[in-house]
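Subject: Structure handover and findings

Hello,

Please find the structure below. My notes on it follow.

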Amino acid sequence: MYMFLFLVVALAVVVAAVTLAVVGGGESAPLPEVAPERYDDPLPPDRPVGRADVEALRFPLAVRGYRMADVDDALGRLGAEIAERDSRIADLEAALAGSRGHGVPMDKPADGEQR
């Protein structure tokens, strides 16, 4: 009987100690709140993204792989830059086609010009 009573009291002390260690403590808590690991965008904000930037891109691991928000942000940025480059290429090709349409061939000099 005394052994059973001793085990119940010991169990109550252990449960109370674990509960206080995890929950209580306020500012001096043994388990302080940790800021979630967030993706620090390594893509350059001041210049276009290059091949080396994409190859160096690494995402922090989450419980089940990668954080979807981080990957979505990076893919959105890359997609916007690719669309901008495609638009610039189309503009340059249209300008090139327009200059060829004026009768001045690109490989031959105009009348009176020398190479």
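The side chains of Arg-77 and Glu-81 form a salt bridge, with 3.0 Å from N to O; a salt bridge here is a side-chain nitrogen of Lys or Arg within 4 Å of a carboxyl oxygen of Asp or Glu. This is a predicted model, in which local features need pLDDT of at least 70 and side-chain atom pairs count only at pLDDT 80 or more, while totals for chains, interfaces and linings use all residues. Residues are numbered from 1 along each chain as its sequence is written, and side-chain values use heavy atoms, with hydrogens and water left out.

Arg-77 and Glu-81 both sit in helix α3, 4 residues apart, or about one turn of the helix. Helices (H or I, at least four residues) and strands (E, at least two) are DSSP runs, numbered from the N terminus. Glu-81 counts as buried because its relative accessibility is 13%, whereas Arg-77 is partly exposed at 21%. The cut-offs are under 20% relative accessible area for buried, over 50% for exposed, and partly exposed in between, with a 1.4 Å probe and protein chains only. The Arg-77 and Glu-81 side chains are also listed as a polar contact at 3.0 Å. That term means a pair of N or O atoms within 3.5 Å; within protein, one must be able to donate a hydrogen and the other to accept it, and residues adjacent in sequence count only if both atoms are side-chain atoms.

Glu-81 has a further salt bridge, to Arg-85, where the closest N and O atoms are 3.9 Å apart. Glu-81 and Arg-85 are separated by about one helical turn because they are 4 residues apart in helix α3. Arg-85 is partly exposed, with a relative accessible area of 41%. Leaving out residues up to four places away in sequence, Glu-81 touches Arg-47, Pro-48 and Val-49; contact means heavy atoms within 4.5 Å.

Asp-53 and Arg-47

The structure holds 4 salt bridges. One of them pairs Arg-47 with Asp-53, the closest N and O atoms being 2.9 Å apart. Side chains of opposite charge can pair when their charged atoms come close. Asp-53 belongs to helix α2, residues 51-56. With a relative accessible area of 16%, Asp-53 is buried, while Arg-47 is partly exposed at 42%. A polar atom of the Asp-53 side chain also lies 2.9 Å from the backbone nitrogen of Gly-50. Again not counting residues up to four places away in sequence, the contacts of Asp-53 are Leu-43, Pro-44, Arg-47 and Pro-48.

Core and surface

Which residues make up the largest nonpolar core? They are Leu-43, Val-49, Leu-57, Ala-74 and Leu-78, 5 residues in total. A nonpolar core is a set of buried Ala, Val, Leu, Ile, Met, Phe, Trp, Tyr and Cys residues joined through side-chain atoms within 4.5 Å. Leu-43 touches Val-49, Leu-57 and Ala-74, and also Asp-53 and Arg-77, with residues up to four places away in sequence not counted. In soluble globular proteins, nonpolar side chains tend to be buried together. Buried residues make up 10% of the 115 residues in this protein.

Val-22 lies in helix α1, residues 2-22, and counts as exposed at 51% relative accessibility. The accessible surface of the protein is about 10100 Å², with 63% of this belonging to carbon and sulfur atoms. Areas come from the Shrake-Rupley method with a 1.4 Å probe; for residues, only the protein chains shown count as cover.

Overall layout

The protein has 3 helices and 2 strands, in the order α-α-β-β-α along the sequence. Helix α3 spans residues 68-101 and includes Val-71. Val-71 is partly exposed at 22% relative accessibility and touches Phe-59 and Tyr-66, not counting residues up to four places away in sequence. Among contacts between residues at least 6 apart in sequence, 40% join residues at least 24 apart.

Regards
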